[in-house]
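Student: Before we look at anything in detail, could you show me how to read a model of several chains, going from a whole chain to its contacts and then to single residues?

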Amino acid sequence: MNPAPVFTFTCPVKTNSGNKALEHLPVELAGLNAGNPLIITSRKAVGQKAIQTLLDAFGDSGMTLGLFDGVTTTANPDLIEHLKSIYLEKKYDAIIALGGYGVVDAAKVLNLAVSLKTADAHKLSPATPIRGHLSPLVVVPTAAASGLETSKFAHFNHMIYSSEYLAPNLVVMDPRLTRGADGKTIAATGLAALGRAVEAQISADHNPFRDAYSFAAIRFIKENLPAAVKKPSDKKASLAVLNAASMSGCAASDTKSARLHKLGQVFYDIQHIPPGVIMAMCLPHVLGDDLKEGACDLAALLHPLVGDDEFARTPAAKRAETALAVLGRFLSDLYGTLGKDLPRNLKEACVPGYRMEDILDGLGQDEEGRYLKTVVERITG
Amino acid sequence: MLLPDYYEFCCRVKIVAGHDALEKIPDLLIERGAKKPLIITDKGVAGAGLIDIVTRALRDRVFADLIADNVPPDSDLRVVNQLAGLYHDNACDAIIAVGGGSVMDTAKGVNIVVSENATDLMAFSGVGALKRPLKPLIAVPTTAGTGSEVTQVAVIKDHEKHLKMAFGSYFLLPDISVLDSRMTMTMPPFITAMTGMDAMSHAVEAYYCLQKNPLSDAHALAAVNMIYQYLPIVAKNPADQDARLSMAVGACLAGIAFSNSMVGLVHNLGHATGSVCGVPHGMCMAIMLPYGLEYNMHKREDAMAGLLLPMAGEAVYRDTPPAQRAAKVVSLIRQLNADLNTITGGRHARFFQEVRDRDGKPMVPREVLPEIARAALSDGASIYNPEDTDYDDNLMVLEAAWEGKPLDRNKVKKG
Amino acid sequence: MSIVKDIQSGRKPLKRAYVGIFLWFTGRAIQATARVDQEVKKEFDNLPDDFTFSLGCLPDGPCMVIGKEKGKVKYLGSNPGKRHVHVRLAIKSVDAAFLILSFQEGTAVATTRNRLITDGEVPYALAVIRILDIVEVYLLPKIIASLAVKRYPKGWSIGRKLGGRIGVYTRTLLGI
């Protein structure tokens, strides 16, 4: 178990997943004392069909819904301030974020703004003290998810907010919202989930509570991502990938050492490459170094990856390297399936040379940053 | 790992675990803007000196002198109202519950009254009557078993009106559960064994009952692993601090698993035996657990087989042919009960015939089994059991559990 | 113009109608089964004299109420009026009700999938679920009913199976 004298874990998010999950939303909101939600989304990112599916789920509820569908990647404090005043003026009492990535980040910061009421959204920063529960926030992810939707983090306006109160109260995953996604999108979602869950599972500060989330996430990705990528219309497999993404976010909230996460985030912030794509490129290198140095508990990956039989057959001393080999094969199969749709290195991902300086800067100057730069060198291609 | 067509999972409780976990409480209270907690406990816990450990950990940082140790073994509406009055009169701003299931239930009840300014607790009974967060509640369990530090339900009895009120809401989940090894160190082997098997039954039933889901599964597997490994150790060496902490963590994981996936026949018949004969809950769970597995095996053999690896480890798993793994799990649980029976000098009963009260009188005479079988029809756990149960089924299982004979699985009516 | 649009949630008239008709039908069938089947009769006999339960869907969807009046089980329409309701089964949405009443999910499965909110004393609620299970066995062909209940009954006599079914259907349709 965790070597620290005292460890803590918390996952404030309730999970609802499966058939007709969206239709439970009116009851779920009532349970949070809310009946007048504001939906925040991006029509461009999630599509009209997903928005309509969500709205239809409220059919027969008699509720009135607010809808803002114009979140962009450049959402800024002006927008948050504007939405905040509308929220307060129209007396909305909950936020539903439909989508992933920046949509949810913006929703988390908006929730902070409306909950603290008096604060000017321009003055919010990661240093803003958050002392208690915020207004209800529900996240409804689509197939394009970073995995951080369920986490306590919000990446907004070049800053990282972090508080367990920022995490949503509820995540609702419905198979209808993975419709129309392509293999490339699902792969990026699944690989980000894999990267974050692997990182949680092997880090020195792990504990059995967090392990439950990372274990289930890794198992789901291993068992379902290949099928979902090959056949995105396989609703069950796609939903399992979405579940894994949600679990990985819960685990990521409590993981301190997060090298893959950092690499993925830097490339996403600067070049908008989905973090899962970069995490997959870096994963074999980072874990390979760990194996050489005996730094992390790679053996802990084998059981979720291969299941009971193969795990029991593998001698303890071989588990770490077997896990790494299994991961390597898993990734190369995915690369095989997706071909050009899943870049194997930065060259294939078309990262322009002039951006590299910013990216390397973003990794920081400390020991970890210096190490991560060596990883980036190895994925240049 | 299977993804059900639909599932829900929630455990919002912040877990703080360690040998010095109690010392974190002041910071956690201050973060939540609280500094004057009401400490709720019972005489047994206070008498064992556990409250002194808690107050020592709090003193100097927050107010720690307001202690109510009058929680009865059976929750009582009058006590809830009296403690709520104490909370108001002293302008408290948080609750710390130190104890087992009854203390947790009482604290949850007090929290409803003080947070909602309720004059009638009844108005908040049932599911979903609470709509917003309550006052900060910190749960400090003193047994590694009930899991009530992570459950969203409370049962409060109105002894005057002979009413049993049940409350269910995610807002009843404690904000924080503090698992500290010092809180269970003095628990005698007999109680340790029984409460540990209670936790084991939570984990095992969570893994085969109808509402299981990937997250409850992951918690259940981890719980089974820790409890099976550490329960015999703490029963033998009560002072083993690391093993005590592992049991507290295992029981908490089991609590999270079962409060999301629910429980079945073991709890169904166990509750009924408890209410008809007064047998302690943990002992009923210990005795019934192998039978719950046997009764449901035709519907859940794969899931049960999946418990073998976390319980017995790789070598036993490899040496057991796949078709015999579920049956092996049953025999290992029977063996665990037998080992605990030996360790406790016979006080840990293996079957109902062996259960005796303080005077050595049998607590479950054979002729009450029909009454237990009937009472079980009124217990909600039957809904989540994989196989249907009626009066005859209940009686058949109880007869076997009374004699201590394995269930004849050919006689189970299969749906 | 505001960047936030206000949208009135729609209606689901077809599903609502289906659920309404089925609740009406099930209500009358429960009344009929209580007259025809000894086991259901016994379950009701063990319940209080003014026992009332409702099955409906949230927030204000169709609902059916069954109550005991002078020892007889009656379908009381959609509104309990002033009667004390002992057990209230509330399905979370009209879509969830459709899943249950189109027998895609049995009562137990729907409960384990958190589709139902049960309010009231547990022993009464369990009796109601046992009654609903038997009624389903009467109303539905075996192939569908065996999906809806955990264990399809085996020991029923031909008389109970066939005669009972004819009795339940006749009385349900005639409302007696």
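The dialogue below takes up one chain, two interfaces and a few residues in turn.

Tutor: Please keep in mind throughout that this is a predicted model.

Student: What share of the residues in chain C is buried, and what share of its contacts joins residues 24 or more positions apart?

Tutor: Buried residues are 51% of the 176 in chain C, and among contacts with a separation of 6 or more, 65% are between residues 24 or more positions apart. As for the surface, chain C exposes about 8400 Å², of which carbon and sulfur atoms supply 60%. Chain C also carries 28 positive and 15 negative charges, whose mean positions are 5 Å apart.

Student: Now to the interfaces: how is the size of an interface often given?

Tutor: It is often given as the accessible area that is lost when the parts come together. For chain A and chain B that area is about 3900 Å², with 59% of it on carbon and sulfur atoms. Within the part that chain A buries against chain B, A:Val6, A:Lys14 and A:Phe209 supply 15%, more than any other three residues. The contact involves 49 residues from chain A and 48 residues from chain B.

Student: And what area do chain A and chain C bury between them?

Tutor: Chain A and chain C bury about 2200 Å² between them, 52% of it on carbon and sulfur atoms. On the side of chain A, the residues that lose the most area to chain C are A:His24, A:Val27 and A:Asp60, which together make up 31% of what that side buries. This contact takes 29 residues from chain A and 26 residues from chain C.

Student: Which residues does A:Ile86 touch, leaving aside its neighbours within four places in sequence?

Tutor: With those neighbours set aside, A:Ile86 is in contact with A:Tyr92 and also with C:Ser2, C:Ile3 and C:Val4. A:Ile86 lies in helix H3 of chain A, residues 77-89, and its relative accessible area of 8% is under the 20% cut-off, so A:Ile86 counts as buried.

Student: What should I expect of backbone angles and peptide bonds in general?

Tutor: Most residues other than glycine have a negative phi, and most peptide bonds are trans. Here, A:Tyr101 has a positive phi, near 50 degrees, and is placed in the loop between strand S5 (94-98) and helix H4 (102-116) of chain A. C:Asn114, likewise not a glycine, has a positive phi of about 55 degrees, and its loop runs between helix H4 (107-112) and strand S6 (116-120) of chain C.

Student: Are these two residues buried or exposed?

Tutor: A:Tyr101 counts as buried at 15% relative accessibility, and C:Asn114 counts as buried at 15% as well.

Student: Where is the cis peptide bond?

Tutor: The bond from C:Leu58 to C:Pro59 is cis, with omega near -5 degrees, and C:Pro59 lies in the loop between strand S2 (52-57) and strand S3 (63-69) of chain C.

Conventions
Residues numbered from 1 in each chain as written. Chains lettered and ligands numbered in written order. Predicted model: local features only at pLDDT ≥ 70, side-chain atom pairs only at ≥ 80, totals over all residues. Heavy atoms only, no water. Buried < 20%, exposed > 50% of the residue type's maximum accessible area, 1.4 Å probe, protein only. Contact = heavy atoms within 4.5 Å. Areas by Shrake-Rupley, 256 points an atom, 1.4 Å probe, with all protein chains shown as cover. Lys, Arg positive; Asp, Glu negative; His and termini not counted. Charge placed at Lys NZ, Arg CZ, Asp CG, Glu CD. Buried area = accessible area lost by both parts, 1.4 Å probe. Helix = DSSP H or I, 4+ residues; strand = E, 2+ residues; numbered from the N terminus.
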